[in-house]
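Me: Hi! I have a structure open here and would like to talk it through with you. Shall we start?

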Amino acid sequence: MNSTYQPTCDLNAMRARATLYAQIRQFFAERDVLEVETPILSQAGVTDVHLASVQAQRHVLAKAHTHYLQTSPEFAMKRLLASGSGPIYQICKVFRDDEHGRKHNSEFTMLEWYRPGFSLKDLMFEVADLLNVTLKARFAEIRPTILSYKHAFMDRLDINPLQATLQELKDCCRRVGLNLDLGEDRLGYIDLLFSHMVEPSLGFDTAVFLTDFPPEMASLAKTRIDEDGELVAARFELYIEGLELANAYDELIDAEVLRSRFEADNAERARLGLHVMPIDEYLLAALPNMPECSGIALGIDRLLMIATNQMKLEQVISFPADIS
């Protein structure tokens, strides 16, 4: 155990964080986007099989409950949108259990915002504007490139992840030296190839908006038909210098479809022996009243890594989980 009381970041990083928060708040104030605050504990949590919520025990009206620290403020913010809030943003702490490493910490800071009436392309333009404010000390001008998930794979691995069979994905993994046995997990092989062979190359010449993910990765996004007639998830991720900074959706507002996705997630959780998550009925009740919109979650700590040219998350946060 590290016995030092001192933070892992220096004073310059603390000042850079304060400056970043001021820049973000000024940016959204100028655009009449309202800053909001929502609870970090909830009676329901994310069902995504690849995310683990931190559980907390608390009493409400003298009754004991298991609640969950938010992995994102998404559910609560969508209830605000459905109640007529208009465009909103939030800077908040979020939690993902047992995520630690060079670019991960189980507690981190997120900027999330929602834009009623915005398309994903509209949101891309706004993200680019924000980057040119917050990263101007490092980059003269950022003009992101738009690249589809499919074409990123085809450029680097000569394989179409939307069409590839399980055997083709396994063969591709072996060809590039990724010899893990993931059984029949087709999406697992796609993610393995992406994380090791595609993601590290993204965003070095310019920032990259990676779009049109496989439909199985839609999460809370709509799906659409791409220019080749293939079904894709209507979402994008932002990459700079091989680092994922943000994740955006053309937000799904069909409560029945979202319920079916939540239930499918929980069925897979049960199959894998994972904790089955309570479904957020408040969110599902709100969706019919939610406006068409695009929304995005951006990692503040990772943005600080880029802004200050650091390689490790611990260099921009004060106390990582192992010494907090």
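Me: Which residues does UniProt give for the feature "domain: Aminoacyl-transfer RNA synthetases class-II family profile"?
Reply: The UniProt record, an unreviewed entry, places that feature at residues 14–320. Keep in mind as we go that this is a predicted model.

Me: How far apart are the end C-alpha atoms of residues 14–320?
Reply: They lie 14 Å apart. As for secondary structure, the span is 35% helix and 24% strand.

Me: Okay, helices next. At what angle do α5 and α6 pack?
Reply: About 30°, with the axes 9 Å apart. Helix α5 covers residues 166–175, and helix α6 covers residues 186–198.

Me: Why is α5 called roughly parallel to α6?
Reply: Because angles under 35 degrees count as roughly parallel, and the angle of about 30° between these two helices makes α5 roughly parallel to α6. The crossing of α5 past α6 is left-handed.

Me: Which residues make the contact there?
Reply: On the α5 side you have Leu166, Leu169, Lys170, Cys172 and Cys173. From α6 come Arg186, Tyr189, Ile190, Leu192 and Leu193. Split by class, the residues of this contact are eight nonpolar, no polar and two charged.

Me: While we're on α5, is glutamine 167 buried, exposed or partly exposed?
Reply: Glutamine 167, which sits in helix α5, counts as partly exposed, at 43% relative accessibility.

Me: And how far is glutamine 167 from alanine 76 in space?
Reply: The two are 41 Å apart, C-alpha to C-alpha. Along the sequence, 91 residues separate them.

Me: Back to α6. How do α4 and α6 cross?
Reply: Their axes come within 11 Å and cross at roughly 65°. Helix α4 is residues 149–157, and its crossing with α6 is left-handed.

Me: What is the phi of aspartate 158?
Reply: It is near 55°, a positive value in a residue other than glycine. Aspartate 158 lies in the loop between α4 and α5.

Me: Is aspartate 158 buried or exposed?
Reply: Aspartate 158 counts as exposed, because its relative accessibility is 68% and the cut-off for exposed is over 50%.

Me: What about the phi of asparagine 309?
Reply: That one is near 60°, again positive in a residue other than glycine. Asparagine 309 is in the segment after α9, a helix that spans 300–308.

Me: Since you mention α9, is leucine 303 buried or exposed?
Reply: Leucine 303 is part of helix α9. It is buried, with a relative accessible area of 1%.

Me: What does leucine 303 touch?
Reply: Not counting residues up to four places away in sequence, leucine 303 touches Leu20, Leu131, Thr134, Leu135, Leu245 and Leu298. Leucine 34, for comparison, is 269 residues away in sequence and 21 Å away in space, C-alpha to C-alpha.

Me: Last topic: where is glutamate 74?
Reply: In helix α2, which runs over residues 74–82. Glutamate 74 is buried, with a relative accessible area of 12%.

Me: And what is glutamate 74 in contact with?
Reply: Leaving aside neighbours within four places in sequence, its contacts are Glu112, Tyr114, Leu220, Tyr249 and Glu251. Leucine 130 is 20 Å from glutamate 74 in space, C-alpha to C-alpha, and 56 residues from it in sequence.

Key: Residues are numbered from 1 along each chain as its sequence is written. This is a predicted model: local features need pLDDT of at least 70, side-chain atom pairs count only at pLDDT 80 or more; totals for chains, interfaces and linings use all residues. Side-chain values use heavy atoms; hydrogens and water are left out. Axes are lines fitted to C-alpha atoms, for helices over the stretch in contact, and angles run from 0 to 180 degrees between N-to-C directions. Helices (H or I, at least four residues) and strands (E, at least two) are DSSP runs, numbered from the N terminus. Angles under 35 degrees count as roughly parallel, over 145 as roughly antiparallel, 65 to 115 as roughly perpendicular and the rest as oblique. A crossing is left-handed if the near helix is turned anticlockwise from the far one by less than a right angle, and right-handed if clockwise. Contact means heavy atoms within 4.5 Å. Ala, Val, Leu, Ile, Met, Phe, Trp, Tyr, Cys and Pro count as nonpolar, Asp, Glu, Lys and Arg as charged, and the others, Gly among them, as polar. Buried means under 20% relative accessible area, exposed over 50%, partly exposed in between (1.4 Å probe, protein chains only). UniProt positions are given in the numbering used here, feature names are shortened, and annotations may be inferred rather than shown by experiment.
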